[in-house]
Amino acid sequence: MNTQNVAPEWIQLLQAQPVLVLSLLAAVVLFAGVLVWAQRNYAVRREAPLQTVTPELQRLVTAQASALKLMGERVAALENYLELVGDKQQLMAQSRKPKLAYRDAINGADGGASGEEIMQRFGLARPEAALVAAIYGGKNQPATTH
């Protein structure tokens, strides 16, 4: 079978039957129209649930943002309170420390510790240790360096 002869025969058949050609053309156009309509209808059906869900999601996002903002404010307030408590604790510890250090230094001086020993053991400055040793121990003041 020769392919050159088939094409002209096919074209000749279509030329001889214009109603058939118009029918085929109409079928192709109708089929394309149905495809376009189905695609558009599918897109509309797919978007419809999104349009009903979107306001609900927006409401949930707004509620979450509000809750997050409130939580951030509460965390900031707690951080401020924690800083205040830490500052108060530090002040209380500082106010107690010298009393205990001086009391221990005085007891050390009463026990015969030198000013140098008082300075090293109780963390007092050289002049403070010398003063405690002079008042309560009376012996061995720390050496002064000039």
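Analyst: The side chains of R59 and E56 form a salt bridge, with an N to O distance of 2.7 Å. Please bear in mind that this is a predicted model.

User: Where do R59 and E56 lie?

Analyst: Both residues belong to helix α2, which covers residues 18–110. R59 and E56 are 3 residues apart, about one turn of the helix.

User: And are they buried or exposed? What about R59 to begin with?

Analyst: R59 has a relative accessibility of 48%, so it counts as partly exposed. The limit for exposed is over 50%.

User: What is the value for E56?

Analyst: E56 has 38% relative accessibility and therefore also counts as partly exposed.

User: How many salt bridges does the structure hold?

Analyst: The structure holds 2 salt bridges. E116 and R126 form a salt bridge as well, and their closest N and O atoms are 3.2 Å apart.

User: Why does E116 count as partly exposed?

Analyst: E116 is placed in that class because its relative accessibility is 28%, and buried would require under 20%. R126 is likewise partly exposed, with a relative accessible area of 29%.

User: Why can such side chains pair in general?

Analyst: Side chains of opposite charge can pair when their charged atoms come close.

User: Changing topic: which residues make the nonpolar surface patch?

Analyst: L22, L25 and V29 make a nonpolar surface patch of about 310 Å². Of these residues, L25 is found in helix α2, the helix that also holds R59 and E56.

User: How many helices and strands are there in the protein?

Analyst: The protein has 4 helices and 0 strands. Read from the N terminus, its elements run α-α-α-α.

User: What share of the residues is buried?

Analyst: Buried residues account for 11% of the 146 residues in the protein.

User: One last item: what share of the contacts comes from residues 24 or more positions apart?

Analyst: Among contacts with a separation of 6 or more, residues 24 or more positions apart account for 35%.

Methods
Residues numbered from 1 in each chain as written. Predicted model: local features only at pLDDT ≥ 70, side-chain atom pairs only at ≥ 80, totals over all residues. Heavy atoms only, no water. Salt bridge = Lys/Arg side-chain N within 4 Å of Asp/Glu carboxyl O. Helix = DSSP H or I, 4+ residues; strand = E, 2+ residues; numbered from the N terminus. Buried < 20%, exposed > 50% of the residue type's maximum accessible area, 1.4 Å probe, protein only. Patch = residues over 30% accessible without salt bridge, like charges linked within 9 Å, V, L, I, M, F, W, Y side chains within 5 Å. Areas by Shrake-Rupley, 256 points an atom, 1.4 Å probe, with all protein chains shown as cover. Contact = heavy atoms within 4.5 Å.
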